[in-house]
Amino acid sequence: MGSLSAIAKLDLFSGFYNTINGKLTGTEKTRHGVNPANGKPNPEVPVSTPQDVDSAVAAAKEASKTWAKVPWADRKKAVLGYADALEQHASDFAKLLTQEQGKPIATAELEVQVGVQWLRELAKIELSEEIVQEDNEKQVIVRYTPLGVSVGIVPWNFPIHLACGKIAPSLLTGNPIIIKPSPFTPYCDLKLGELGRSFFPPGVLQVLSGDDNLGPWLTAHPGPDKISFTGSSATGKLVMASAAKTLKRVTLELGGNDPAIVTKNVDVKAAAAKVGGLAFFNSGQVCLAIKRIYVHQSIYDEFRQALVDFTKTLKIGDGNEEGISLGPVQNSMQFEKVKTFFSDIEKEKWNIAVGGVNEEKPGFFITPTIIDKPAEDSRIVTEEPFGPIVPLLEWNDEADVIARANNTKLGLGASVWSNDMEEAGRIARKLDAGSVWVNTHIELDPHAPFGGHKESGIGYEWGVGGLRAYCNLQTLFLKKSASEL
Ligand code: NAD
């Protein structure tokens with residue numbers, strides 16, 4: 001297990017390799033991502049083959065025999081050392097993140113910090129044995145043992161944070177992990193694998209990049225015992241079907257269509273700026289972004305104006321430029337998908353409060369847009385655009401707005417905006433979502449469980465339960481004497 005000096009030579013800008021069994025490994029075929037701010041190709045990365053998957057799984061299986069027996073304190077020490085190293089390289093990781101993902105450099109720096117924070121905070125959690133029953137004759141103990149080998153499948157919106165959020169719980173609980181980044185954003189995750197070689201024995205933290213075949217190969221492979229998947233609900237269903245064949249454990253963190261309910265008891269200007277910021281953060285490409293804004297009728301016009309004023313202050317551009325609030329959409333596929341909502345503006349006769357045009361630059365830029373009172377059953381309300389376009393809707397009856405907020409197959413997050421805590425708490429408790437906020441949104445905590453209701457996911461990550469999800473539960477029934485029945 002390494003030291004910071006050992007990783008000082010990590011070269012973040014030349015050469016991107018898989019990390020398999022402690023070695024940096026290339027592949028015959030390579031591919032590249034694209035810088036979404038200018039359409040230019042990023043460096044070549046490996047396209048893993050089925051043999052690479054076999055090698056990584058075999059190495060992880062072998063490593064699990066010893067890693068599972070390493071004392072918790074030592075595994076924790078390794079994770080904390082790794083966190084320090086990531087922090088030491090924060091600036092380089094952030095630059096690389098902006099180059100591959102497109103987010104403004106300040107947001108990229110924040111994501112690296114959050115990755116470090118998640119590694120450190122999750123390392124404070126311990127899974128100790130619990131005595132659940134005890135009397136003179138017996139003791140009943142619940143304990144947690146590693147599942148074996150896990151696979152972490154990561155999307156393209158937060159490649160560092162979401163990879164760290166899988167690496168820490170898996171490694172702390174004694175399970176080697178293979179990380180599979182999105183083909184759109186492989187760069188930082190490959191470097192997370194490279195960085196890990198100085199802190200974890202071979203096979204414990206491996207990273208494979210590839211094309212669209214790689215995810216299905218990993219989920220179908222008989223070797224891994226658990227898949228921790230973050231991505232869309234549609235892909236989550238494919239992952240679960242594939243994992244079912246070998247009864248792999250799954251944790252699925254999927255899509256969201258989060259409502260924000262704004263009551264009349266708010267400071268309109270301040271609330272509008274915060275709601276707007278949380279709808280357009282990361283150019284709307286957040287599973288937990290505000291995707292439907294319900295505003296009380298009595299303040300609707302004033303709120304819309306404040307939201308429009310705020311939205312006009314957002315500066316869009318290359319994430320490396322000064323003062324940029326929003327970068328481009330991350331990839332051409334997503335760009336085309338978001339543009340279909342813009343095509344619907346004329347077709348569906350939607351009113352535009354602000355925005356409404358695509359900026360045709362070489363990059364995938366889209367002007368933040370608010371659609372004013374579209375029909376409740378329109379695509380912009382019922383689907384997750386995953387881009388900077390949001391519907392603004394009106395309400396006047398509490399029970400009705402709660403029903404509308406809950407009228408979706410998704411249930412990831414939701415928020416209530418009110419200075420009346422009694423009102424806010426009353427509404428919040430009736431919302432069907434895994435995370436419900438009052439007067440904020442998106443804010444997560446590594447000690448709190450994070451997961452979705454309905455088609456937003458199965459299981460949850462982080463907190464004590466998030467670590468337990470990488471474990472088998474074992475109940476020990478200890479009878480204190482063998483002499484009696
Ligand atoms: P996606 O489902 O297309 O891809 C996610 C990952 O799965 C990628 O690494 C991809 O290569 C891989 N993949 C694709 N097909 C696969 C298959 N058949 N088997 C195994 N792996 C496969 O999602 P995306 O477009 O990268 O991300 C956007 C979506 O993710 C949005 O719906 C968003 O809401 C959701 N998301 C959810 C969370 C959460 O924590 N709940 C966080 C971020 C994003």
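User: Between which helix and which strand does the loop that holds Val286 lie?
Analyst: This is a predicted model, in which local features need pLDDT of at least 70 and side-chain atom pairs count only at pLDDT 80 or more, while totals for chains, interfaces and linings use all residues. Residues are numbered from 1 along each chain as its sequence is written, and side-chain values use heavy atoms, with hydrogens and water left out. Helices (H or I, at least four residues) and strands (E, at least two) are DSSP runs numbered from the N terminus, and the loop with Val286 lies between helix H9 (268–280) and strand E13 (290–296).

User: Is Val286 buried or exposed?
Analyst: Buried means under 20% relative accessible area, exposed over 50%, and partly exposed in between, using a 1.4 Å probe and protein chains only. Because its relative accessibility is 4%, Val286 counts as buried.

User: What separates the C-alpha atoms of Val286 and Ile442?
Analyst: Leaving aside neighbours within four places in sequence, the contacts of Val286 (heavy atoms within 4.5 Å) include Phe158, Phe386 and Ile442. Val286 and Ile442 are 156 residues apart along the chain, and their C-alpha atoms are separated by 8.4 Å.

User: How are H9 and H10 oriented to each other?
Analyst: Axes are lines fitted to C-alpha atoms, for helices over the stretch in contact, and angles run from 0 to 180 degrees between N-to-C directions. H9 and helix H10 (residues 300–312) pack at an angle of about 55°, with their axes 8 Å apart. Angles under 35 degrees count as roughly parallel, over 145 as roughly antiparallel, 65 to 115 as roughly perpendicular and the rest as oblique, so H9 and H10 are oblique.

User: How many residues of H6 are buried?
Analyst: Helix H6 (residues 187–196) is mostly covered, and its buried residues include Tyr187, Asp189, Lys191 and Glu194. The number of buried residues in H6 is ten of ten.

User: How are H3 and H6 oriented to each other?
Analyst: Phe93, Leu96, Leu97 and Glu100 in H3 meet residues of H6, among them Leu192 and Leu195. Helix H3 (residues 90–101) and H6 pack at an angle of about 150°, with their axes 9 Å apart. H3 and H6 are therefore roughly antiparallel.

User: Which strand holds Glu253?
Analyst: The UniProt annotation "active site", from an unreviewed entry, covers Glu253; such positions are given in the numbering used here, feature names are shortened, and annotations may be inferred rather than shown by experiment. At 3% relative accessibility Glu253 counts as buried, and its contacts beyond four places in sequence include Phe229, Ser456 and Tyr460. The strand that holds Glu253 is E11 (residues 249–253).
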